[in-house]
Amino acid sequence: MTRPTAQIRPAPQPPALRHRSVTTALLRPQFLALLALLGINWLLFPGFFSITWQDGRLFGSLIDVLNRGTPVAILAIGMTAVIATKGVDLSVGAVMAIAGAVAAVMVTSGQPAVLAVAAALAVGLLCGLWNGILVTTLSIQPIIATLVLMVAGRGLAQLITEGSIVTFTDPVLIFIGTGSVAGLPTPVVLLIGLTILTTLAVRRTALGLLIEAVGINRSAARFAGIKAGALLLVVYAFAGLCAALAGLIVAGDIRGADANNAGLWLELDAILAVVVGGTSLLGGRFSIPMSVVGAMIIQAMNTGILISGFSPEFNLVVKSAVIILILVLQSPFAASFVQRRRLKVAPGAQVSAQQGDRA
Amino acid sequence: MTAEAAGALLEARGIVKIFGQHRALDDVSFALRAGEVHALLGENGAGKSTLIKILTGAYRPDGGEVRLQGAPVSFRDPLHAQSHGIGTVYQEVNLLPNRSVAENLFLGHQPTRWGLIRRKEIEAHARQVLATYGLEIDVREELSSFSVAIQQIVAIARAVELSGKVLVLDEPTASLDRNEVERLFEVIRTLKARGLGIIFITHFLDQVFALADRVTILRNGRKIATERLAEVSTTDVVRMMLGKDVAFDHHLTGLAETTHGAPCVGFAGLGRKGSVAPFTLEVHEGEVVGVAGLLGSGRTEMARLMFGIDPADSGQITIDGKSVTIRNPAQAVAAGFGFCPEDRKLDGIFGELSVRENIIIALQAKLGWFRALNRDDQIDLAGRYAEALDIRAANHDMPVKLLSGGNQQKVILARWLAIDPSFLILDEPTRGIDVGAHAEIVRTINRLREEGLGLFVISSELDEVVAYSNRVVVMRDRQMVAELTGADVAPDRIVQAIAGTSLAEVTP
């Protein structure tokens with residue numbers, strides 16, 4: 001009966017997670033939730049699972065969910081690393097707007113698209129580095145440090161676009177937003193690539209373990225000789241880079257840079273995706289692929305509400321209900337509740353009960 | 001009623017307090033008389049703060065009783081205790097820095113008329129109260145505009161105004177300079193003359209002797225003694241705080257003559273202003289240098305300096321004769337140093353990481369981000385050191401926080417042994433672990449010494465220091481005041497050196 005909470009709270013059993021069989025991994029509540037949501041969508045809209053091949057690419061609601069969920073999923077990948085260090089990055093939505101603005105302004109002023117993309121990504125990286133410097137060198141709390149750029153960033157983006165929506169017709173940028181590769185939308189392909197690369201980068205090197213160590217106990221990490229400062233810089237810079245990529249996709253999708261609305265409030269969706277994916281806001285154990293699943297759960301929810309005919313405003317209420325549920329499950333109250341239940345089951349044998357549960 | 005308890009203002013009888021399986025207080029009795037300053041002494045974990053929390057209602061005892069003026073009392077919380085006349089002042093001033101002095105004095109007890117605070121009356125009253133403490137200050141000023149000493153006196157005045165029978169001072173002098181301490185003492189003496197009973201907690205022995213009438217010494221949750229300070233010496237007090245009685249095993253001191261190898265690490269004039277006065281020390285291969293000193297004497301600060309946690313502002317460090325720079329722990333680890341910190345939970349373990357990951361983390365940090373230890377290497381390393389140190393865990397994939405304190409300590413030790421260190425610093429390696437694991441850690445230290453490691457071990461248990469040290473350095477007032485070798489490595493001599501009556505004093 002303790003299963004659901006034990007699964008959503010990431011801390012206890014993870015080492016085994018990485019090496020579990022695929023079937024057990026697919027039985028995790030996040031996948032079950034995603035399947036349930038997709039099932040509900042199918043009930044509401046019988047054609048939900050039909051996928052057709054047209055003009056050399058796949059079409060269908062399922063593909064739509066993937067495609068629409070991609071910007072948040074990409075943000076969530078960067079956010080996962082930040083949250084694992086016990087931080088948070090509120091600026092990613094604004095960085096999306098900056099990156100989109102940079103790329104749009106550059107292509108409309110005649111620069112080659114490749115240069116525009118590179119510049120947008122570089123600006124994202126710089127934005128992330130700025131956050132990282134505030135967090136490490138100046139030791140500002142992450143939520144405040146990144147709030148600075150969350151507010152200022154949108155202003156910067158507006159300065160770059162000079163207050164208007166900069167539209168473009170550059171085929172490369174449009175391809176990033178709406179093109180297709182091997183039948184799949186380009187954003188989805190980018191997401192898959194980024195997920196795989198990032199997962200390999202954190203699990204095949206020591207980065208993942210060191211990030212978790214810093215997130216779990218910063219002081220102990222220092223005592224153990226971990227260079228936490230450099231690690232945090234890399235993590236925040238990476239989050240900025242991910243945000244820039246998401247910004248390019250969104251700009252390409254609408255064929256323009258809207259400094260006011262691009263990525264607006266998406267940082268909150270990204271945080272939600274990470275938490276739904278099972279990474280605790282208290283830092284520590286994290287999983288990149290599960291955060292992507294979390295983003296898709298959110299998107300399936302959005303799509304479901306949309307096709308069910310409810311007004312989109314309803315979306316926000318449902319989303320906040322999910323947040324509350326997750327926060328309650330992660331709270332010390334829930335933990336002590338679970339512990340009490342365990343004690344009732346095996347009086348006086350709390351530790352061995354926990355071990356047994358995990359073994 | 002015993003003779004001692006007769007006329008006691010506040011009395012604790014046979015107090016027992018248990019946290020989990022740990023007896024924080026075991027049958028502790030304590031009696032405070034009116035018009036006395038009663039010092040409470042003991043190392044970390046001796047039970048001082050637990051006893052105070054029981055006397056002031058923050059904790060409930062699991063056994064025994066508290067009596068106030070002869071009548072049994074059971075306080076619900078500190079506020080309830082305060083209403084019965086027991087006030088407490090903590091080391092950190094517990095007032096509102098951005099409100100005026102007058103408001104702070106009467107916060108929550110302001111005289112009002114028709115629900116409005118009568119400011120003028122408060123200010124007049126505040127001036128009047130503070131005048132009795134020799135304070136002539138503008139009571140309308142913000143509290144934070146005054147020095148810590150004055151804030152401390154305001155806090156005392158508030159506690160006395162609100163309670164008035166018993167005043168508990170928990171390390172009130174820790175952040176004061178010498179003149180401020182003297183001023184505070186004047187205030188305390190005045191209150192004593194007014195008939196208050198004052199409990200004074202500090203780790204400065206000289207202040208205890210300067211101010212207190214009697215002292216009660218706690219160790220490991222037990223009361224060792226209550227003495228009149230006029231009748232005991234500093235040495236007696238230190239001995240009661242740190243050691244078993246003088247009857248200890250002499251054969252444990254045989255170590256001093258054992259041979260050791262070449263110098264492995266040297267510290268020349270290493271120091272940091274406000275932390276540790278410059279000290280010079282050389283540690284050899286196969287040698288244990290023990291560090292003795294009271295809490296706050298600078299022993300932990302010394303270790304932090306060596307490991308680069310606090311960067312030194314003078315002196316240099318040499319390894320095998322070559323000068324090295326250590327400005328942060330990463331550099332220390334790269335130089336082959338290891339450090340088991342005093343506060344295991346805060347600075348040592350990664351609770352949610354597995355036993356295996358906790359063991360390999362320092363080696364991984366040393367190898368860098370891209371030379372990852374693969375899973376087989378990790379399992380092999382963890383297995384090897386877990387076996388060598390007899391770490392008892394159901395499996396090495398379980399979170400380390402589920403292990404007992406002793407096993408956690410061994411995991412941290414294993415973490416450092418895994419980097420194959422040349423020099424290992426252990427800060428209170430046996431604190432808070434059970435007796436069996438305690439003996440094992442001591443045996444491990446001896447074994448590591450025999451294997452040629454240089455060790456620097458801080459401990460407040462003298463018998464333990466003597467059991468493994470070739471040499472003992474003694475810290476007092478943030479200075480290295482003595483270096484004991486050979487037959488001098490004995491609890492008696494260490495106690496003398498800590499108390500400042502040693503013959504073996506050296507200038508650092």
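Modeller: Helices here (H or I, at least four residues) and strands (E, at least two) are DSSP runs, numbered from the N terminus, and by that rule Ile122(B) lies in helix 4 (residues 119-131) of chain B. Residues are numbered from 1 along each chain as its sequence is written, while chains are lettered from A and ligands numbered from 1 in the order in which they are written. This is a predicted model, in which local features need pLDDT of at least 70 and side-chain atom pairs count only at pLDDT 80 or more, whereas totals for chains, interfaces and linings use all residues.

Colleague: Is Ile122(B) buried or exposed?

Modeller: A residue is buried if 20 or more other C-beta atoms, placed from the backbone, lie within 10 Å of its own, exposed if 12 or fewer, and partly exposed in between. Ile122(B) counts as buried because it has 22 C-beta neighbours inside 10 Å.

Colleague: Why is helix 14 of chain A described as largely enclosed by the rest of the structure?

Modeller: Helix 14 (residues 266-276) of chain A has 10 of its 11 residues buried, so it is largely enclosed; the buried residues include Leu266(A), Asp269(A), Ile271(A) and Val276(A). Just after this helix, Gly278(A) takes a positive phi of about 105°.

Colleague: Which residues touch the most other members of the largest nonpolar core?

Modeller: A nonpolar core is a set of buried Ala, Val, Leu, Ile, Met, Phe, Trp, Tyr and Cys residues joined through C-beta atoms within 7 Å. Of the 259 residues in the largest one, those touching the most other members are Leu75(A), Ala76(A), Ile98(A), Ala99(A), Ala103(A), Ala418(B) and Val474(B). Helix 13 (residues 228-254) of chain A provides the largest share of this core, 18 residues.

Colleague: How many residues does each chain bring to the contact between chain A and chain B?

Modeller: Two residues are in contact if their C-beta atoms, placed from the backbone, lie within 7 Å, and here the contact takes 29 residues from chain A and 30 residues from chain B. On the side of chain A that touches chain B, helix 11 of chain A gives the most, with six residues.

Colleague: What is the mean pLDDT of chain A?

Modeller: The pLDDT is the predictor's confidence in each residue, from 0 to 100; the mean for chain A is 85, and 84% of its residues reach 70 or more. Over residues 1-20 of chain A, however, the pLDDT is below 50, although this stretch has 36 contacts in the model beyond near neighbours in sequence.
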